[in-house]
Amino acid sequence: NGICVPCGDINRCKKCSVLNLNECVYCKDGFFLLDGKCVDNCGDFYYTIYKTDKGDVCAPCEKNCIKWLNADICDVCTNGKVLYNNDCVCKCPAGWVNVSGVCKKCDSNLCEKCTTSLDVCLSCFDPYVLKQNQCVASCGLEWYLGDNRICYPCNDKNCLQCTSADKCVDCKDNWYLYDNRCVEKCPEGWVANAFDVCEKCTYDNCKVCEVANKDNCIVCLYGN
């Protein structure tokens with residue numbers, strides 16, 4: 001009838017529907033249009049689109065995203081999802097770790113899994129192995145490769161190479177390999193070969209035998 005009537009929310013709404021005064025179609029500056037209402041902020045599950053033909057409006061986030069920085073970049077994911085490259089995913093890919101709902105890249109490119117500090121590796125990409133929480137090409141001397149491709153130290157401090165914690169296969173200089181461990185000298189009835197490995201003399205009653213011919217006893221046990 002040519003009569004001006006105020007919108008339902010006159011303090012926030014700049015233009016409302018003719019059919020429903022409580023349904024706003026354009027908000028005043030500083031407010032955002034959400035489902036026909038003018039709100040202070042879009043809140044969870046919505047992101048803001050500025051300067052549209054309806055002013056500043058709230059648009060629904062895609063599934064699994066709670067807050068968006070803009071139409072393309074998610075900021076916070078729903079519970080059970082983590083943020084990876086601006087997308088919400090079920091879990092972080094290999095080489096990344098979940099830090100408070102956001103996937104962060106491990107410091108080392110060789111690291112398959114790491115702690116939230118990023119610099120402590122828990123497992124490595126093949127063919128690398130884990131040694132003292134770092135990824136290396138091989139375990140090196142005085143270490144052996146155990147389960148899950150993790151390096152462990154040899155128990156014998158005089159062992160140069162071992163195949164398990166207590167099974168030495170090569171000793172350091174001036175030490176001799178006897179019964180999978182390193183000794184200062186071979187026991188009676190044994191003789192060190194050219195590879196510093198103790199070998200048993202042929203005869204049980206032999207105390208010292210020749211290295212080249214263990215059948216040839218030089219000193220017998222018990223005075224024989």
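## Charge

The protein carries 24 positive and 30 negative side chains. The centres of these two sets lie 7 Å apart. These values come from a predicted model.

## Overall form

The protein has 26 strands and zero helices. Its radius of gyration is 38 Å, while the globule rule gives 17 Å for 224 residues, so the protein is more spread out than a compact globule. The C-alpha trace spans about 135 × 25 × 20 Å along its principal axes.

Contacts along the chain can be sorted by sequence separation. Take the contacts between residues at least 6 apart in sequence: 8% of them join residues at least 24 apart. A59 and V208 give an example of separation in space. They are 149 residues apart in sequence. From C-alpha to C-alpha, A59 and V208 are 91 Å apart.

## Surface and burial

The accessible surface of the protein comes to about 14800 Å². Carbon and sulfur atoms account for 49% of that surface. Of the 224 residues, 29% are buried.

A59 sits in strand β6, which covers residues 55-60. Is A59 buried or exposed? A59 is buried, because its relative accessible area is 11% and the cut-off for buried is under 20%.

## The largest nonpolar core

Which residues form the largest nonpolar core? There are nine: C7, C13, C16, C24, C27, F31, L33, C38 and V57. Strands β1 (13-16) and β2 (24-27) each supply at least two residues of this core.

C38 is one of the core residues. Leaving out residues up to four places away in sequence, C38 touches D9, R12, C13, C24, C27, F31 and F32. Among these partners, C13, C24, C27 and F31 also belong to the core.

## Around V76

V76 is found in strand β8, residues 74-77. Its relative accessible area is 34%, so V76 is partly exposed. Neighbours within four places in sequence aside, V76 is in contact with C65, I66 and K67.

C88 lies twelve residues from V76 along the chain. The C-alpha atoms of V76 and C88 are separated by 8.3 Å.

## Backbone details in the loops

Where is P127 placed? P127 is in the loop between β14 (121-124) and β15 (129-131). A cis peptide bond joins D126 and P127. Omega for this bond is about 10°.

L118 is found in the loop between β13 (111-114) and β14. L118 is not a glycine, yet its phi is positive, at about 75°.

R149 has a positive phi as well, near 55°. R149 too is a residue other than glycine. The loop that holds R149 runs between β17 (143-145) and β18 (151-153).

Conventions
Residues numbered from 1 in each chain as written. Predicted model: local features only at pLDDT ≥ 70, side-chain atom pairs only at ≥ 80, totals over all residues. Heavy atoms only, no water. Helix = DSSP H or I, 4+ residues; strand = E, 2+ residues; numbered from the N terminus. Core = buried A, V, L, I, M, F, W, Y, C linked by side-chain atoms within 4.5 Å. Buried < 20%, exposed > 50% of the residue type's maximum accessible area, 1.4 Å probe, protein only. Contact = heavy atoms within 4.5 Å. Rg over C-alpha atoms; globule rule 2.2 N^0.38 Å. Areas by Shrake-Rupley, 256 points an atom, 1.4 Å probe, with all protein chains shown as cover. Lys, Arg positive; Asp, Glu negative; His and termini not counted. Charge placed at Lys NZ, Arg CZ, Asp CG, Glu CD.
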